[in-house]
Amino acid sequence: MKMPIDATLNAADLRQRAEQELAAKAETLTGNLIDERRPMYELQVHQIELEMQNEALQEVRTVAELALERYAELFDFAPIAYFILGIDGIIRQTNLRGGILLGLERSKLVGKPFAQYVSSEYRPELKQFLCNVFASVCDGSQRCEISLKAGDNIRWVKVEATADTSRQTCLTAMVDITEQKRTEQELQLAATVYTVIDESIVVIDKNYRIIAVNPAFTEMTGYTAEEAIGQSTSLLECELQDKAFYQEMKDRLNATGCWGGKLWHRRKNGEPYFKRLTISSMYSVSGEVIRRVAMSFDITDEFRAEDIIHKQAYIDTLTELPNRRMFFDRLRQVIEKSHRTNRKLALLFLDLDHFKDINDTLGHDMGDILLNKTTQRLKNCIRETDTLARLGGDEFTIIMEELEGLISIDRVALSIQQSMAAPFQLKNERCHVSFSIGIALYPDDAIDTDGLLKKADQAMYAAKQKGRNRSCYFTPAMQKASKTRLRLINDLHSALGDHQFWVAYQPIVELATGYIHKAEALVRWQHPTLGLIEPTEFIPVAEDTGIIIDIGEWVFRQATNQVAKWRANGHPLFQISVNKSPVQFRDKSDCHGNWAMHLERLGLPGSCIVVEITESLLLDMTTIVAEKLLVFRDAGMQVSLDDFGTGYSSLSCLKKFHIDYLKIDQQFVNNLTADSIDFGLCEAIILMAHKLGMKVIAEGIETTVQRDLLLQVSCDYGQGYLFSKPVSAEEFEKLF
Ligand code: C2E
Ligand code: MG
Ligand code: MG
């Protein structure tokens, strides 16, 4: 029986098996045979033997062919390029990969010298390599790395070869390492750039700790890598850049991953430097920041140069004041701002009187010294918000913005004139100079830069005409008003000491009953020559000069004496309202407890005084003002919000500061009729005040119609000429 052929058995195995089968068959036959049939039998055995040998050989051949086929397939489709090279370097055979590697059909490669496809600079190396392979200089296979020319491409390969010395060939395996080589080169390039670049590079982690720095960083900051690594980037921070700046930078980095800009940092030696900085971030797969790379360039010199250029363009070199160009820029900005905020601004045009004479007699050097000294004096006369500029020669300008009242202009002008009164010492010479000042107002006199400057210049000319060393407004009416203000400032100083003030009282009536519950104390100025001056005229001047603090204190004391008297004389719950100016509230020297202590000394309860404040006070509510209001409350004094509706009260302010009374301004009461808008407004104000737990006082009631309408919408109290004008205390007593 023939055994099945196992394709995995080799030729030797098959032969061995055939011999075993043959021996077994022979043994069986031998036992049964008789001697006379032996020759016949031997012939038969020989035939069987031959047959079997043929079969075995056939099988061996089949197996060998199968193996060869398999080897050919492996060779052809191997993922590595194989070349069989002769000792002469000629390609004898290659696989598919080999063709792909060199970009040619493999049939075209056979018979060509391999060196033809090697970059010329590597040909000697390849030659040496093959020599070594054939000479078997080293044991086993040989290795090298070379670059090949595949058409227009250069490909890097790692070569490994073993020689078949009997056939005078070698099997060469080539692995394409072009990508790996490229990455290596890029890394090498990056590393070189990192070390040789002028730009400082800092690698930080997500917590802003420094992980790596390059040599340029050390050059720029003075910190070595050892000193910097492990430190926080705050090491470099400089106080020229505030905390908010760094916070904004971090916020932006967190939001977008990058930041770019210019900033100040500090070197190790303490010197600040200005740099351009860009930061970018690297993230993990989960989106977390792993590294940030900060690249920066020192631009301090550039910055300084720009600064110098800026100064040359905008700053007057002699006095270091803004020059004409910067003045116009500034004026334009301030006009825009005043337009938005609806506030006045003043432009003062100053010209030194007889400056030419000084230049002519003492020389220009002395003239320059004088201009510098004058600048110093001018700087001392202006407010922080004012802009002083030199237009050229002996011409200066002052822009005054955010004007509360025109009185501040008068004060600056006056103070300039006073400061110029003292003589100037110019080396050995003493000289006297003065300014002629022209004043123009926005928007009253002009609404643009050129117009305003022209008007101020004309006003300055008028001041020169009038005899120099004086100021002049462009508009005659302004000039007159200014004159009066200056006179009032002068006279107010002595008015209190000379007992020119007295207090008038105006009743505040409970509308439902007509009963006089309270009175408002209103100050009066009996001027020795000008007669009775209205508070509306002198209070703003008193506020601007600060004299209001003394006047206000005096009125309060008068009012307390008066309320004590009336309470004792049959009106035990009587209250007097005292107006307190915002200037008094802001005065730091005013001891909070003053008024409360004074009442205590007189044995009066706090409830006998109501403090009248204005809406503007609530708006710029500083802690000091809030504290003072609290002290009043603690002492039992009440607070009333005067002229309600004329300013900007926010409802939150009303709630926050526990106001007891709202005083509806007289402008709402003046034209009160049943179908007027003002009536609707009054009703709304009263409703809102009641909801917030406040009582309402209507000011300026002059007719019974007004009173009845207000009563109809539940207004609590009224004040006005209908009941009485403000009168002296004696007159007031007759009203009770
Ligand atoms: P105010 O506090 O709103 O005072 C009410 C003003 O309205 C008073 O003017 C008063 O005379 C006037 N008035 C009252 N009833 C009527 C009326 O029926 N018709 C008209 N047309 N007017 C009426 P006055 O006394 O001229 O005071 C003006 C402002 O001066 C006061 O307004 C107050 O803001 C301020 N003032 C007066 N005295 C003082 C004071 O001692 N200290 C402070 N800081 N300011 C004061
Ligand atoms: Mg008042
Ligand atoms: Mg009022």
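Predicted model: local features only at pLDDT ≥ 70, side-chain atom pairs only at ≥ 80, totals over all residues.
Residues are numbered from 1 along each chain as its sequence is written, chains are lettered from A and ligands numbered from 1 in the order in which they are written, and side-chain values use heavy atoms, with hydrogens and water left out.

Let's start with Glu-302. Its side chain meets that of Arg-276 in a salt bridge, at 3.5 Å from N to O. This pair links distant parts of the chain, 26 residues apart: Glu-302 is in helix H10 (residues 300-314) and Arg-276 is in strand E9 (residues 272-283). Those labels are DSSP runs numbered from the N terminus, helices being H or I with at least four residues and strands being E with at least two. Glu-302 has 39% relative accessibility, so it counts as partly exposed, and Arg-276, also at 39%, counts as partly exposed too. For the cut-offs, buried means under 20% relative accessible area, exposed means over 50%, and partly exposed is in between, with a 1.4 Å probe and protein chains only.

Next up, Glu-402 and Lys-337. Their closest N and O atoms are 3.1 Å apart, in a salt bridge. Here the two residues are 65 apart in the chain, with Glu-402 in the loop between strand E13 (395-400) and helix H14 (407-420), and Lys-337 in helix H11 (residues 324-341). Glu-402 is partly exposed at 34%, and Lys-337 is partly exposed at 30%.

Now one inside a helix. Asp-491 forms a salt bridge with Arg-487, with 3.3 Å between the closest N and O atoms. Both sit in helix H16, four residues apart, which is about one turn of the helix.

While we're on H16, how does it pack against H17? Helix H16 (residues 476-495) and helix H17 (residues 535-545) pack at about 65°, with axes 10 Å apart. The axes are lines fitted to C-alpha atoms over the stretch in contact, and angles run from 0 to 180 degrees between N-to-C directions. That makes H16 roughly perpendicular to H17; angles of 65 to 115 degrees get that name, under 35 is roughly parallel, over 145 roughly antiparallel, and the rest oblique. On the H16 side the contact is made by Thr-484, Arg-485, Leu-488, Ile-489 and Leu-492, and on the H17 side by Glu-537, Phe-538, Val-541, Ala-542 and Thr-545. Contact here means heavy atoms within 4.5 Å.

Asp-316 is in the loop between H10 and H11, and at 13% relative accessible area Asp-316 is buried. Not counting residues up to four places away in sequence, Asp-316 touches Leu-321, Pro-322, Asn-323 and Arg-390.

Then there's Ile-177, in the loop between strand E5 (169-176) and helix H6 (178-196). Ile-177 counts as buried at 7%. Leaving out residues up to four places away in sequence, Ile-177 touches Glu-145, Trp-156, Val-157 and Lys-158.

Terms used. Salt bridge = Lys/Arg side-chain N within 4 Å of Asp/Glu carboxyl O.
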